[in-house]
Amino acid sequence: MYSLLLVIIYISFISLGLPDSLLGSAWPSMYPQFAVPVSYAGIISMVIAGGTIISSFFSDKLVRRLGTGKITAVSVGMTAAAIMGFSCSSHFWMICIWAVPYGLGAGSVDAALNNFVALHYKARHMNWLHCFWGIGATVGPYIMGMCLTHQQGWTGGYRIISIIQIVLTLILAFSLPLWKVKPSESSSAGEEKHPRVLSVKQLLALPSAKGILVAFFCYCALETTTGLWGGSYMVLQKGISKELAASLSSIFYLGITGGRALSGFVSMKLTDRQMIRTGQGCIVAGICVLLFSGSMIVMSTGFVLIGLGCAPVYPGLLHQTPERFGKDVSQAVMGMQMASAYIGSTFMPPLAGFIMGKVSSAVYPFLLLFFVILMTVLVEVSDRRSSRSR
């Protein structure tokens, strides 16, 4: 039972990653067909992000009413239907409509699964699960690329991903009895507590809640800003060719995916707090390398270090949630953390781009440094307050 449920959760995380990077790989083929400007991809992205933020906020109520298993099955089913809707869309407004259930399905399942793993499994699984998300995010564009190469078009790519999601929905539906058997492998496991119902105001009043929410905001702002503007920084500030910069941009994500695979093993020896601190230090080292890099190899090393540093931070912060706030409120806090993270990843990269455009691309490493320093300070303060509270 325990092993089978764990396999299903791993597959679910691959499924979470599959559609996340599809729009970017498909949009160059989509926007000419819809006769809209290339910038309209931002509209779709914002609609998806809005749905994700809303469903993350309400994930606590949904999980209390339906349970993690049903929420996961329903959410993946919504995502499958939305992606199939993408594949059948002939106008831009249709894509925008289908983006609503796409976002709503993504947010609640993300918060529900992360809290379930934080409650019932050890830290290594949280790291490996987010590594599996990276695998899904890598495979998605590959499937889209194969469909475009073999003349099946972007609609064929979305259709294949939708079929995969439908199959997973059926697997999740048949696996619902497994979710009732709660494993107790996590260090925070113990006597099961009934979740408390708290208002947003009461949740924000919890010790260190505000600080940790801003820390999640800073982490996702850091990760998405690094990935989105890294190539531009290499071209505009370091004089690297556009073609080479495009190839080197993937090194950052390779560092995250490989780092999370490695972090799963390292977390057997180190605590979440130690893993987070190590990651933050590695990020700072990578940014410093970027600042003083003079060659392609050195710059690549900087992006790899930032990716390796990012790898344990997000899973570690998520896994700390039941220990930091208590198992009875962890789902509610988890939803707010995920919403705060999505807000950071949605709004900060465009703002960073605006700042770089107004000032200079040279500010790119300093923006990253600001995010990681603020995050580090907030996490340290939150850890001390949580320790005193406990």
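Predicted model: local features only at pLDDT ≥ 70, side-chain atom pairs only at ≥ 80, totals over all residues.
Contact here means heavy atoms within 4.5 Å, and helices are DSSP runs (H or I, at least four residues) numbered from the N terminus. Residues are numbered from 1 along each chain as its sequence is written, and side-chain values use heavy atoms, with hydrogens and water left out.Helix α2 (residues 22–34) packs against helix α7 (residues 123–149) at about 25 degrees, with the axes 8 Å apart. Axes are lines fitted to C-alpha atoms, for helices over the stretch in contact, and angles run from 0 to 180 degrees between N-to-C directions. The pair is therefore roughly parallel (angles under 35 degrees; over 145 is roughly antiparallel). On the α2 side sit Leu22, Ser25, Ala26 and Ser29, which meet Gly140, Pro141, Met144 and Leu148 of α7.

Next up are α10 (residues 209–238) and α13 (residues 296–319), whose axes come within 11 Å and cross at roughly 165 degrees. These two helices are therefore roughly antiparallel. Among the contact residues are Phe216, Tyr219 and Thr226 of α10, along with Phe303, Ile306 and Cys310 of α13.

Ile306 also turns up among the residues with the most contacts inside the largest nonpolar core, which has 77 residues. Such a core is a set of buried Ala, Val, Leu, Ile, Met, Phe, Trp, Tyr and Cys residues joined through side-chain atoms within 4.5 Å, where buried means under 20% relative accessible area (1.4 Å probe, protein chains only). The largest share of this core, twelve residues, comes from α10. A second, separate core of 25 residues includes Trp27 and Tyr158.

Note on methods
Parallel < 35°, antiparallel > 145°, perpendicular 65-115°, else oblique. Buried < 20%, exposed > 50% of the residue type's maximum accessible area, 1.4 Å probe, protein only.
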